Amino acid sequence: MQYLEPAPIKDRENPLESMMSRFDEAVRILGLSDEMYHILKVPARQVIVGLPVTMDSGKVKVFEGYRVIHSTILGPGKGGVRFDPDVTLDEVNALAAWMTWKCAVVDIPFGGAKGGVACNPREMSAGEMERLIRAYTKGMQDIFGPDKDIPAPDMGTGPREMAWLMDEYSKAKGMTTHGVVTGKPLVLGGSKGRVEATGRGVMISTLVSMAKLGLHIEKAKIAVQGFGNVGSWAAKLLEEKGCNIVAISDISGAYYNDKGISIADAITYRDENGGTLENFKGAEKIDADSLLTLPVDVLIPAAKEDVITMHNADKIQAKLIVEGANGPTSAKADVILKDKGIIAVPDILANAGGVTVSYFEWVQNRMGYKWALDRINRRCERAITNAFNQVYDTSLKYDASLRTAAYIIAIDKVATTYKYRGGY
Ligand code: NAD
């Protein structure tokens, strides 16, 4: 289960506002009409459901559940379901748009969607969670569908909730429907390689961008912020490729060893110590935020949003930033990084390995077939590498950052497809 504390908004422009300002910039560079701007911006569908759920106390609590399908121009909606106290319809709207651009940039035939329920999973029992996700699924039974809208886990939900969602949907439709949701447990039609897929995509993005910058795999120093699913898998896979990870961090603090940290040891330590790196002895403990400004070649923020801001961007020494997290860099920080000549591989490309393997899960479900891990890994590598090369070439063509180039590709693809499909 993924659950992160919401970050304080440091630049007074939250990550979703930053995403919108990047969208606006790319639309301007592409010279799209006002009509097309609105077609791409306004969500296709917003659904709100009231969800009365009996809590363990015996009292009925009514939750509000949202599903926004931002776009189905490229294919069925695709996006996670977030269970978090701060979920609002506005946030779900923006996250759904984010999914549209992420799927488009890695060339997955999905549109963008997102769902959410304002609730606090940390205070809910397994039974309450099950009743809530089943009620939510029932409320959305005519929205979801393997050819319509395919949910997945997000903050506060995981494979357990996806299994309940798949079961409830299947009951409502009177037939087992694996392909209605991704991120399921392996026995229930989940995909091999899904757990590490986002970290794998970050590893691939890091290696291809290091090659473009002429950074030597074994000599370059790498710092990774966050040691959860994305950060620890990215670090482990990079270590296996011969990279030197000199700093890692989690909520307990940051750990730095200029000679390199054994990631295999750090993962074993974390797993044997209640999931944290607290008191890890393989490196010196340093202040958590100082990891971002260490003298390294590559920085991988893989913890949470809004960590590289106008307040610390000028202190960053890395030559390359690869965004494992969603929205780690604010739009204001982007300007400072560009002036310093720091290259940032944007989140919608760098962490798209997860949605890419989700797509493979859906494909396997539709085929009624299971792929071997090496096939999944090969295809994931091809998808991320092709997307990276396209983004890189587009950045040269428009003299734009990789981030702007990624948005240009995504927006252009959706706009062009819309023109072929047509409106009313
Ligand atoms: P996770 O909960 O597994 O791990 C988060 C890690 O960040 C933990 O180690 C936590 O201790 C650490 N952390 C939290 N606050 C920190 C801080 N202030 N400083 C340093 N470390 C801190 O979450 P995850 O699934 O690895 O997701 C991380 C980021 O990647 C999020 O932004 C998420 O939206 C994004 N993302 C995840 C996936 C995925 O498939 N899991 C896909 C795309 C994007």
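A residue is taken to be near a molecule or strand if one of its heavy atoms lies within 4 Å of it. The model is predicted, so that local features need pLDDT of at least 70 and side-chain atom pairs count only at pLDDT 80 or more, while totals for chains, interfaces and linings use all residues. Residues are numbered from 1 along each chain as its sequence is written, and side-chain values use heavy atoms, with hydrogens and water left out.

Around the ligand stand 20 residues, of which Thr198, Phe227, Asn229, Val230 and Ile251 come nearest. By class, this shell holds seven nonpolar, 10 polar and three charged residues, where Ala, Val, Leu, Ile, Met, Phe, Trp, Tyr, Cys and Pro count as nonpolar, Asp, Glu, Lys and Arg as charged, and the others, Gly among them, as polar. At least two residues of the shell come from each of helix H6 (194–213), helix H7 (229–240) and strand E7 (244–250); helices (H or I, at least four residues) and strands (E, at least two) are DSSP runs, numbered from the N terminus.

A backbone N or O atom of Ile251 lies 2.9 Å from an oxygen atom of the ligand, and for Gly228 the corresponding distance from a backbone N or O atom to a ligand oxygen is 3.1 Å.

Elsewhere, five strands form an open sheet with mixed pairing in the order E1-E2-E4-E3-E5, two strands being paired if DSSP finds at least two bridges between them. Strand E1 (45–54) and strand E5 (149–153) are the edge strands, each pairing on one side only. Strands E3 (residues 77–84) and E4 (residues 112–118) run parallel and are joined by four bridges, with Val81 opposite Gly115 in E4.

Note on methods: Polar contact = N/O pair within 3.5 Å; in protein donor to acceptor, adjacent residues only side chain to side chain.
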